[in-house]
Amino acid sequence: MAKVTYNTHDSKTHTIDIQNGLSVMEGAVQNDIPGIDADCGGGMACATCHVYVNEEWLDKLPTKEDGEEDMLDMAFEPKQNSRLSCQLIISDELDGLVVNIPSKQA
Amino acid sequence: MNKTDVLIIGAGPTGLFCAHQLGIIGLSCQIVDNLDKAGGQCIELYPDKPIYDIPAIPECTGEELTNNLLQQIKPFDVKFHLNERVEKLKKVENRWHIKTSSNQEFDVASIVIAGGVGSFEPRKFPLKECEKFEGKSLFYSIKDKSIFKDKTISIFGGGDSALDWAIELSNTSKVNLIHRRDGFSGAESSVQKVKELNDQGKLNLYTKYQIGSLAGNEKIDSVTIKHDDGEEKEFKTDYVLGFFGLIMQLGPILDWGLNINKKTIEVNTENFETNINGIFAIGDICSYPGKLKLILSGFHEGALAARGCFKYAKPDEKLRFEFTTTSKAAQERLGVKK
């Protein structure tokens with residue numbers, strides 16, 4: 001279980017508990033947090049679950065698979081701290097994670 | 001006016017199999033899709049990637065699955081309308097009239113929406129000012145490459161489209177290729193070629209840069225690009241091209257009065273009809289309690305929706321349940337009756 005905070009583009013903050021094994025994307029979708037579309041349902045095929053991860057968390061996250069960086073090329077305004085939230089699988093180590101949701105997914 | 005029993009929107013696996021199920025029960029259909037070929041996400045997103053959960057097919061690629069489905073519906077001679085998007089819907093007595101983006105018209109008894117997560121459209125630049133140049137000096141696809149001859153072209157992206165066009169246009173134009181990172185998602189051979197051209201001065205490659213702004217009135221005069229570390233570069237350019245792949249959008253279907261929930265259409269699980277009589281939704285685009293976005297679920301939904309279409313197409317007839325193994329009528333329709 002980990003507490004994850006989502007900052008949405010309209011400066012609202014949502015903090016929720018997510019079970020281990022679910023992804024940061026699933027946590028958002030199941031809790032109706034706006035701004036994460038996840039069109040492909042977690043298949044790393046669409047880049048519409050794009051988030052910016054707070055700097056201090058970047059090296060604690062699971063490393064990117066090849067396909068993730070390729071998909072991030074397609075994301076709206078990707079930055080160095082961009083990740084696809086479907087690839088961030090929750091574990092106890094991610095307790096306290098903060099992600100920022102971009103203004104648009106596409 | 002194309003008159004048929006059912007219009008299927010979307011030529012992905014779900015739409016294709018639904019055409020099969022309609023054919024088996026003796027209904028005619030035609031299929032509209034916004035892409036230039038059948039297959040939907042299977043072809044557009046993962047043609048070469050393996051799929052392991054199609055019943056009785058231990059492993060196949062998206063392309064193989066599509067080809068097999070096309071083979072399976074061959075007997076029904078289904079007419080495809082590709083590169084077209086459905087736009088307008090009108091109820092005319094007990095029929096539906098649909099108009100597409102290229103003004104094709106359909107007169108049908110019912111509609112099956114098998115639209116996946118929407119129609120594929122090019123992903124655009126995040127900048128507002130891009131809109132006013134779009135279609136004039138800014139493009140997301142190339143229809144006539146002759147306009148670029150002897151001009152300066154700035155291409156953004158790191159996939160195959162960006163690399164291939166950069167290589168091709170570098171023969172006749174001055175090309176700048178801009179990509180947000182050092183790595184590319186396009187084919188390794190194209191990446192090598194681009195690097196060679198850059199070393200030979202036949203193309204300018206800028207990595208770790210993204211678009212900053214555009215300047216110009218009627219047409220683009222210059223583009224400013226921004227490095228990861230904040231440094232900016234401005235250069236003159238006649239055209240800007242963006243190749244960021246495709247995004248899926250629901251489009252005009254949103255305005256049809258259907259019950260939409262999180263970009264999906266609510267249906268019943270008896271025959272996958274929507275809140276509007278005669279309009280069905282199947283595959284990734286439909287939602288109901290327990291919905292799984294699997295191809296096999298789409299097949300099931302298509303089989304039931306096809307039967308749901310029957311009463312609209314043939315209101316005076318009764319549909320009998322039959323197996324293809326033993327049904328003479330079905331085998332005649334399949335053209336296999338001996």
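Some housekeeping: residues are numbered from 1 along each chain as its sequence is written, and chains are lettered from A and ligands numbered from 1 in the order in which they are written. As this is a predicted model, local features need pLDDT of at least 70, side-chain atom pairs count only at pLDDT 80 or more, and totals for chains, interfaces and linings use all residues.

Let's start with chain A. What is the order of its elements from the N terminus on? They run β-β-α-β-α-β-β, with helices and strands being DSSP runs (H or I, at least four residues, for helices; E, at least two, for strands). Chain A is as compact as a globular protein of its length, because its radius of gyration is 12 Å, close to the 13 Å that the globule rule gives for 106 residues. That radius is taken over C-alpha atoms, and the rule is 2.2 Å times the number of residues to the power 0.38.

In chain A, 40% of the 106 residues count as buried, meaning 20 or more other C-beta atoms, placed from the backbone, lie within 10 Å of a residue's own.

Over to chain B. Domain 1 is 2–121 + 247–334, and domain 2 is 124–244; the bounds come from an automatic or database domain assignment. The centres of these two domains of chain B, taken over C-alpha atoms, are 38 Å apart.

And where the chains meet? Chain A gives 12 residues to the contact and chain B gives 18, with contact meaning C-beta atoms, placed from the backbone, within 7 Å.

Technical notes: Buried ≥ 20, exposed ≤ 12 C-beta atoms within 10 Å, placed from the backbone. Contact = placed C-beta atoms within 7 Å.
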